[in-house]
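Please read it alongside the sequence and the model.

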Amino acid sequence: MKKLSLLTACLMFSAGVLAAAADQISVDKPYVRLLPPGVQTTGAFMVIRNAGDKDVKLVKADNPASRVTELHTHLNEGGIMKMRPVAAIEIKAKGEALLQPGGLHIMLIDLKVPLKEGDVVPITLGFDDGSSKKLDAKVLRAAPEAAMSHHHH
Amino acid sequence: MSERILLVIAGLLAAAVLGLALFWQPELPERPLPAAAALSGGDFTLQAANGPFSLHDLRGKVVLLYFGYTYCPDICPTSLAATAEGLKQLTPAELAKVAMVFISVDPERDTPARLKEYAEFFHSAMLGVTGTPENLAEIARRYGVFYARQPVATAGGDYVVDHSADTYVVDAAGKLVGKIAHATPPDQVVLAIRKYLNQP
């Protein structure tokens with residue numbers, strides 16, 4: 001029993017040292033969409049890449065600009081678009097998750113102050129192994145060119 | 001018992017097949033309206049910030065109609081931003097023959113003044129209008145638009161409105177001729193607009 005727990009501890013330790021999920025993750029083209037005056041909820045979009053050998057799940061996101069941050073997706077049910085929260089966004093091993101308008105995204109709900117074009121919103125991504133990654137997302141009127149054209153190339 | 005499970009599975013499969021047949025639509029940039037469910041479309045009058053607006057005011061232009069609401073967290077901004085990007089790619093001569101109208105199905109919260117500000121944020125050629133719930137319901141029926149208020153306890157609002165998110169295309173004669181699917185990329189929005197612009 002003692003041996004087993006020692007082994008477990010060793011495994012956990014090495015796993016923690018070798019491969020915290022966040023260390024395998026890189027984020028490309030993050031941005032927050034500028035919304036019209038008077039609107040208090042907006043989306044953050046980005047490409048999340050996983051260089052590791054294991055699938056990683058994004059389980060939460062945080063930011064200081066809005067009161068609530070949620071992971072969301074769009075569902076198309078018979079032509080009716082519904083936006084609903086999701087519990088996690090999976091980033092496959094050696095793969096990527098595309099967070100873009102019309103699909104998976106991070107919602108910044110109930111903004112504390114209106115965001116202006118060019119503002120920078122620090123966003124913290126939280127992964128299923130408890131590790132986290134910080135990034136800065138600029139407030140933009142439209143998607144950066146590369147992110148927009150990404151999926152059909 | 002196993003027979004019952006089999007029946008349930010068979011039922012589920014049948015429902016899935018039926019659901020697929022009814023609802024599966026390939027991701028085309030523009031879907032023709034099925035002839036069997038021809039929608040009448042037609043003229044209507046709603047309220048803009050500067051007074052009543054009628055669809056026939058735009059006779060001679062290709063008109064893009066989008067039904068949504070300004071508290072829409074992500075679906076409307078996604079559709080409107082893509083359409084606005086499409087409009088920006090048109091030549092000035094083309095743009096002069098195109099109009100975009102954002103119709104709010106949430107008149108309780110969306111005043112014409114708020115709608116003007118909202119629509120113009122996306123494109124200066126975009127008009128924001130709304131009307132009475134009865135008027136909106138009648139127009140939505142004619143255009144095949146679905147919307148339903150859903151109580152959702154989210155921060156910053158007591159309800160959301162689920163809605164169909166296609167952009168309806170009305171030709172220069174005021175006739176409903178097609179729709180552009182939600183989340184169609186801007187370059188394909190341009191192609192769809194040009195297709196109707198260049199119709200004889």
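Which residues line the largest cavity? In this predicted model, where local features need pLDDT of at least 70, side-chain atom pairs count only at pLDDT 80 or more, and totals for chains, interfaces and linings use all residues, the lining of that cavity consists of A:Arg33, A:Leu34, A:Leu35, A:Arg141, A:Ala142, B:Ala81, B:Ala84, B:Glu85, B:Lys88, B:Phe121 and B:Phe122. Residues are numbered from 1 along each chain as its sequence is written, chains are lettered from A in the order in which they are written, and side-chain values use heavy atoms, with hydrogens and water left out.

**Cavities**
- A search of the whole structure gives three cavities of 30 Å³ or more, a cavity being a set of points on a 1 Å grid over the protein atoms alone where a 1.4 Å probe fits but cannot get out, with lining residues having an atom within 4 Å of a point.
- The largest cavity holds about 100 Å³ of space, a volume being the space filled by probe spheres set on the points, which are joined across faces, edges and corners.
- In chain B, helix H2 (75–88) and helix H4 (112–122) each supply at least two residues of this lining, and H2(B) provides the largest share, four residues; helices are DSSP runs (H or I, at least four residues) and strands likewise (E, at least two), numbered from the N terminus.
- By class, the lining has seven nonpolar, no polar and four charged residues, where Ala, Val, Leu, Ile, Met, Phe, Trp, Tyr, Cys and Pro count as nonpolar, Asp, Glu, Lys and Arg as charged, and the others, Gly among them, as polar.

**Interface of chain A and chain B**
- The contact (heavy atoms within 4.5 Å) takes 28 residues from chain A and 24 residues from chain B.
- About 2200 Å² is buried between the chains, 64% of it on carbon and sulfur atoms, buried area being the accessible area (1.4 Å probe) that two parts lose on being put together, summed over both.
- Two salt bridges cross this interface, a salt bridge being a side-chain nitrogen of Lys or Arg within 4 Å of a carboxyl oxygen of Asp or Glu; A:Arg84 forms one with B:Asp162, their closest N and O atoms being 2.9 Å apart.

**Salt bridges over all chains**
- The whole structure has 19 salt bridges over all chains, including that of A:Glu96 with A:Arg49 (2.9 Å, N to O).
- This pair links distant parts of the chain, with A:Glu96 in strand E7 (residues 96–99) and A:Arg49 in strand E2 of chain A, 47 residues apart.

Terms used. On a 1 Å grid over the protein atoms alone, a cavity is a set of points where a 1.4 Å probe fits but cannot get out, and a pocket is an open set with protein on both sides within 12 Å along at least five of seven lines; lining residues have an atom within 4 Å of a point.
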